Each structure stands twice: as structure tokens, then as C-alpha cells.
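Open the model in your viewer and keep the selection tool at hand. This tour goes stop by stop.

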Amino acid sequence: MQALRGGFKKNCQKGGRMKEAYLDYAATAPVKKEVLAAMLPYLQDKFGNPSSIHSWGQEARAAVDRSRRQVADFLNCNQSEIIFTSGGTEADNLAIIGIMRSFGASFALGHPSHPSPSLRSGHRRFAQDTPLASKFIPHIITSQIEHHAVLRTCQYLEKEKLATVTYLEPNAEGIIEIEKVRKAIKESTVLVSIMYINNEVGTIQPIREIGKILEKENHKRSAASGQRIYFHTDAVQAAGYQKMDVKYLHVDLLTLSGHKIGAPKGIGALFMKEKTPLGKIIFGGEQEMNFRSGTENVPGIVALGKAVQVLRNKKLEIRVKRAKMLSDYFIKRVLKEIPEVALNGSIELRSPNNANFYFRYIEGESILLNLDLAGIAASSGSACTSLSLEPSHVLMAIYGEPERAHGSVRFTLGEKTTTKEIDYTIRNLKLIVQKLRKISPLTKKEK
Amino acid sequence: MKKISILYSKKVMKYFSHPRNMGTMKNPSGRGRVGNPVCGDLMELQIKIEKKNGKEYITNAKFQTFGCGAAIATSSILTEMIISKEISEALKVSNKAIIKALGGLPLNKKHCSVLAKEALIRAIEDYKSRF
């Protein structure tokens, strides 16, 4: 207790505000020291534009190339298969819209009676623009628990009648069952997009198994010279805790984000398997092998390269084991010591850094505010914490109960999280839940 | 520019952290329950009304709330604003007055003040239907 109070003071003075336990690593993580050191020179001394011919440019180009190699090594792929983007959201958009665009175009191209897709104001035509393609609307399979970067993109394509979309329902554990994917496949299916780790409840989706199913399906199709199905996974929450080998996973497209793994915000990457027909969504100077125009974010790219290199330097099993030990301890104690609490998502197939709880009778935002007053950072599925005032679509898809979404809080651990922080959090959580249940009219009267 | 931050004023945080008049009372004169846990807000207001010189005064008020910081703070401050007021005076406390007393509410939380006012109207209606 003495030590704790000392910690209080120190942390208070530092930030002007108490910071005891940051348990929101799935939201974002700090930039790692070695990553910052690697990127800093590219902000001032080595500030060149990689497209320039002079030494400044060459220096920057070399850094981008090195980073691309590091990311390719991390994902076990070729350098030419990595496209740097502004982050996970752009990579998701590029993967999904990119496939749809090129697909529409190649469909038209493949038909002898139809001319090649024309350019209109430097813009490749969408499938619907051509009278022929308008007969055929490609089909996408995704899930109800995807990140909004995928969901909203699919909804947009659906609304514009550029695609039809199947949103697979998760099971009661928050997992997308492979059987459901198999059954959802239609002749017109061209893309499957399923996330690797769910960002809210931390459930691990069977990416490798889905990838294998799709590969089989593609074999059948190629024999019948049918359209291939491409497989995209948003792996933003998986990096650092799961196998990231794209060959092992059998994926064609994979999204990576920098700021969850020790690089700054504003950098991400898309893995795009060779020969994957991808249209672009950003037009301009044809950087990134013409898949993503715009002067490269060199410091960000260097940081992402360094961040994945740092991850590779430490054995995955060790990191997973440590995180799992802590989260298991956290989950066990909370379920045991706080009444009327449930864990959201599968207990088995869960990311080792995620603990998402449903606290009955109380509301998430008021829990978060109280946690923050105690210097603890977490996040909630409650409508009250979102600007849209909509409860979490993930918790709604899994449980269908708004009360559960409103009363849920997500804790996500990082590499630096300590047992001391977890103990401190549990101690405060108990008091907070007790206090809020006293205020709540829903609580059963226990006297 | 619209202010869409969910950051609360000091006053809101004060009432949220140390809510006044939280709880229930024995034999309240009126109860008002508004909102719905499905929507994420539920307020229950209880009032005690006593007659003095033919006028009806709210002599005590208690609340219980399931909801966000704003929901808890608005219901708490409302109890303070209506205690010792005559019914007709209490009904003049507008949701805007509640917001003002709290030093403002984020735009997306203004509905909480409306809910609090509604709880008061329901509690007084409940009283009138019984006495």
C-alpha cells in the first residue's frame, strides 16, 4: 500500500493526472523506444522524398525498401507483396474496394464482345458502369463482428449495388464457424473478409481453416475456369500474439496496423498476394507500385519495419505465455470476486491480451469514468461512449441483448502490463461496481 | 463548430462521483420511472410531498439511475433543485436549467436532462393520481 501511494504521487505529478494502469492496448499502444530511435532521423536529417533521384531521395528510398523487407519477413512473403497505407482502415478499404474494382474491370475485359474498361477522369470504372457487368453483381462474405473499416466498406458497396454481401452471424462464443463460411459461398462469391482477432471480445477466428476451404473451392473453380475467391483478413489485433505467416494462414490479403504494435499512428500495410487483381482507391503519383499513390510516409514506414522486427526478435510463444498468464489471472479473479459478472466471448479461443466483462445492472460509461478517476484506462461497448449512441455491434451480434452491450467493459493488456496493475485494477473495479450498483435501480436488493 | 466531446464539466463529475440524494425512501408520495435499460438509461425518482398552508411542497427526493455519467449527474442535481419547492415551482425547472446547473452537457448527452425532467413529471403525476 505504501508503495502504491508513492506511485500515485509520482504519476500525478508527471501528467497532472493520475495514470495507474493503461489497459486499453487494443485502442492504441505507445511507440517503442527503439522504433522511435529508428524513425527520428527520417523526420529531419534524412528527410528526402523516396521518388527523388538525388542522395536525399536515395537515402529515403533505401529506408522504405529496408522496411518493406522487414514487413515481408514478418509476414513470410515477398517485398513486392507489401503496400504501405495510412493505417488499418485504409488497408481494409483498399483490399475490399480494390478487389471489387479490379474484378468488375477484369470481368468486362474477359468478355470478347466488350471493350476494355475505359478510363473516365482517370478513374477505373466500377462494375456497374459497364452494361455487361451490370448483369453480374459480385458477392462478398464477411461477418457481423468485423471492424467498421470492413463493415462500412461492405455496406457502401451493397448500397451502391456494386456487390451483394452476406454478413455471417457469430456463434454464442463470438466465433465465425467455418461451416457457415462454406455454406455462404455462391457462384458469384469473389471475396471473403473475416478478421483474425476480434477487436472487442478478442475471439480468434479460424483464418487458416477458412483459407484452406477457400483454396479447395478455388481448385474446383479453376478446373471449371470459374472466378477465383480472394480471402482477406484484418489482422490488426493479431500482430504480436498470433502467427502472421500468410502462407500458413492461406490468405490473399492481410491488413496490418502500426500503432497497435509500437509504431506511431498513421501507418499500416496491406499484404497482397502476387497476382491478386487489385484496383486502386487513391490516385496520383503512382507510388507503392501504383497501388497507393501519395508521397511515402517514410518515418512511419521505417517505424513499422522496426516494430515488426522488434516483434520478430522475441519468440511469439514467450509473449503469448506472459500475456495469457496475466489475462487468465485477471479473468479468474474478476469472475470469482465480483458477483453477477460474465466474460464476453470465448474463454478458450481468445487473444491472450483481451478480457471483456459484462457487469450486470450497471452501465459501461459510468464504469469507465470511475476507472479513469482511479487512473485506469479501459473501453466499453456501451452506446453512451460512442458518438453515434449505438451499442456495440459486436456484442449485439453475439448476445443480442442491448443491456449486455451497455454493461460491458473491455480491458486489453500490453507487453508492459504488470500484475501490480492488474491487482490495482481489480481492487478498484470491485469498489466501482459496488458503488454503481447502489446507484442503479436494477440491482437486486441484497441486504 | 459542434462540440461532440464526451468530456464532462467539473460539476457533472462532482455529481457523478458523489451523487447527492441517491437511494430510495420509505412510503414516497410519488414515483417516476423513465427510460429503459435497453436504451442504456433508466431513472427512478421518488418524492415526498407535504402540505403546508394548503400548498404542496416537495420535502424530500431520492433517485436511482442506471446509465452514463450524465444520466447519474442530471438525476442527482435535479433532486437538489426540487427539494423544498412547491410542486408548481418544481415543474418549472426546465431541462435547460438542469444543464445550466451542471455547467453544461455534451451535445450527445442532452437527452439525459430531458429524461430527468420527465422523471419529475411522472413522479408528480403519480402523486396526483394517488392523493
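**Stop 1: a helix pair in chain A.** Select α11(A) and α14(A). Their axes come within 10 Å and cross at roughly 135°. The two helices are therefore oblique to each other. The crossing of α11(A) and α14(A) is right-handed. Keep in mind that this is a predicted model.

Now show the side chains where the two helices meet. On α11(A), pick S366(A), I367(A), N370(A) and L371(A). They meet N428(A), I432(A) and L436(A) in α14(A). Colour this contact of α11(A) with α14(A) by class: you get four nonpolar residues, three polar and no charged ones.

**Stop 2: another partner for α14(A).** α10(A) passes α14(A) in a right-handed crossing.

Which residues make this contact? From α10(A), select L326(A), Y329(A), F330(A), R333(A), V334(A) and E337(A). From α14(A), select T419(A), I422(A), I426(A), L429(A) and K430(A). By class, the residues of the contact of α10(A) with α14(A) are seven nonpolar, one polar and three charged.

Stop 3: Move to E340(A). Where is it found? E340(A) is in the loop between α10 and β11 (341-343) of chain A. Check its backbone: phi is positive, about 55°, although E340(A) is not a glycine. E340(A) has 15 C-beta neighbours inside 10 Å, so it counts as partly exposed.

Stop 4: Zoom out and select chain A. How many helices and strands does it have? Chain A has 14 helices and 15 strands. The chain has 447 residues, and 49% of them count as buried. Now think about contacts in chain A with a separation of 6 or more: residues 24 or more positions apart account for 69% of them.

**Stop 5: where chain A touches chain B.** Show both chains. Here 20 residues of chain A are in contact with 19 residues of chain B. Which elements give two or more residues to the side of chain A that touches chain B? They are α11 (364-373) and α13 (402-406) of chain A. α11(A) gives the most, with four residues. That side of chain A divides into 12 nonpolar residues, five polar and three charged.

**Stop 6: a helix in chain B.** Select α1(B), residues 10-17. Its buried residues are V12(B), Y15(B) and F16(B). Look down the axis of α1(B): these buried residues fall within an arc of 100°, so they line one face of the helix. What covers them? The cover includes α11 of chain A, together with α2 (69-82) of chain B.

**Stop 7: a loop in chain B.** Finish at N53(B). It is found in the loop between β2 (41-52) and β3 (55-66) of chain B. N53(B) has a positive phi of about 50°, although it is not a glycine. Is N53(B) buried or exposed? With 5 C-beta neighbours inside 10 Å, N53(B) counts as exposed.

Conventions
Residues numbered from 1 in each chain as written. Chains lettered and ligands numbered in written order. Predicted model: local features only at pLDDT ≥ 70, side-chain atom pairs only at ≥ 80, totals over all residues. Left-handed = near helix turned anticlockwise from the far one by under 90°. Contact = placed C-beta atoms within 7 Å. Nonpolar A, V, L, I, M, F, W, Y, C, P; charged D, E, K, R; others polar. Buried ≥ 20, exposed ≤ 12 C-beta atoms within 10 Å, placed from the backbone. Arc of directions from axis to C-beta. Axes fitted to C-alpha atoms, helices over the stretch in contact; angles between N-to-C directions. Parallel < 35°, antiparallel > 145°, perpendicular 65-115°, else oblique.
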